[in-house]
Amino acid sequence: MRGVVFLGDRKLEIRDFPDPTPGPGEVVIQMKASGMCGSDLHPYRAPAGSAAAALGLGASDLVIAGHEPCGVVAARGPGVPEREAPTGARVMNHHYAGCGLCDHCRLGWSQLCAKGIVVYGVTGHGGHATYMKVPARTLVPLPDSLSFEEGAAISCGTGTAYGALKRVNASGRDTLAVFGQGPVGLSATLLGAAMGARVIAVDISPERLTLAREMGADALINPGETEPVAAIRALTHGLGADCAIDCSGSSPGRLGTVQCVRTWGQACFVGEGGQTTFDISKDMLRRQLTLHASWTFSATGQGECARFIADRKLPLGKLLTHRYRLDQAEEAYRLFDTQTTGKGVFVS
Ligand SMILES: [Zn+2]
Ligand SMILES: [Zn+2]
């Protein structure tokens, strides 16, 4: 089979790999859709030889990229009962494997396992390939009414937005500010609005703000034109937002996320990488701020996110603006590196 490998320095290759055979406890997924996530740009852009290290997840040999895998069960290894992974079942993959035995693993948060983890698409072979081999326990069912492409989005970017909204407990009582309207931020806008929150979407791209409006944003702010913290206060009777999520990963976005919430408000960091400085007393202590850091979601949280979207018939498909075959990977990532709106996915 073929798989996409990041080489760093904005280079990638499509290489031949042996078709995977499932070992004990494992399954092979035939890929139907494999999403491109913003965090893929870290290894893609990293200096050659340090792709895996770019996300602070440890170095490893070059692996097949793609951590938003979605497809059908193609083969089961020894010890995997049919009821756990029926052949042909539509599945997503919770893209981490830990020891399987510790409290974090048993709760479905295997990415927090202290015994060491595999992150599929980063430190283990991922979804930008014909097939993918994973432990059966990492499978998450895909509701019938969702497309494979939507399942791919839920497998990292959209699921991550859902996880952050749960951390700040967003509800119909809240005004929620979302900084950054890339695929994760747009998902936070869509899901936050569906949870009932009044969403203020912030981004420097007019195209992204247009999409945010379609996803249910009540107000749009372009920091290139307006100072966002003052604008959010003006929209909230001078109080500030009840909660805010940074999906930009940028220093100004994070600062705005902390500064735009009201006294007793909640801020949540989602965007990866880099460093940000803020004034602890003025920006946090004096306002009794709660600051969350949210890393993706649990395996059961991934299933919950999928059911939430399916049950409410949310238009997640609108997020998927670019579709590619695997042999277009070079062009796909070149465009993703510079594109200003929407999300790309490999389909087969
Ligand atoms: Zn564990
Ligand atoms: Zn991701």
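Student: In which loop does Q275 lie?
Tutor: This is a predicted model, in which local features need pLDDT of at least 70, side-chain atom pairs count only at pLDDT 80 or more, and totals for chains, interfaces and linings use all residues. Residues are numbered from 1 along each chain as its sequence is written, chains are lettered from A and ligands numbered from 1 in the order in which they are written, and side-chain values use heavy atoms, with hydrogens and water left out. Helices (H or I, at least four residues) and strands (E, at least two) are DSSP runs, numbered from the N terminus. Q275 lies in the loop between β14 (261-269) and α9 (280-284).

Student: Is Q275 buried or exposed?
Tutor: Buried means under 20% relative accessible area, exposed over 50%, and partly exposed in between (1.4 Å probe, protein chains only). With a relative accessible area of 77%, Q275 is exposed.

Student: Which residues does Q275 touch, not counting those up to four places away in sequence?
Tutor: Contact means heavy atoms within 4.5 Å. The C-alpha atoms of Q275 and S251 are separated by 7.1 Å, although these residues are 24 residues apart along the chain. Under that sequence exclusion, Q275 touches S251 and R254.

Student: Which protein atoms are the donors of the zinc ion (ligand 2)?
Tutor: Donors are N, O and S atoms within 2.8 Å of the metal (3.2 Å for Na, K and Ca); water is not among the atoms, so sites may look incomplete. Along the chain, the donors of the zinc ion follow the spacing C-x29-H-x88-C. Lying 2.0 to 2.2 Å from the zinc ion, they are C37 (SG), H67 (NE2) and C156 (SG).

Student: How many residues apart are H67 and C156?
Tutor: H67 is in the loop between α1 (41-45) and β4 (69-76), whereas C156 is in the loop between α3 (148-154) and α4. Both residues are buried. The pair links distant parts of the chain, 89 residues apart.

Student: What reach does α5 have from its first C-alpha to its last?
Tutor: The expected span of a helix is 1.5 Å times one less than its number of residues. For α5 this expected value is 16 Å, and the helix comes close to it with a reach of 16 Å.
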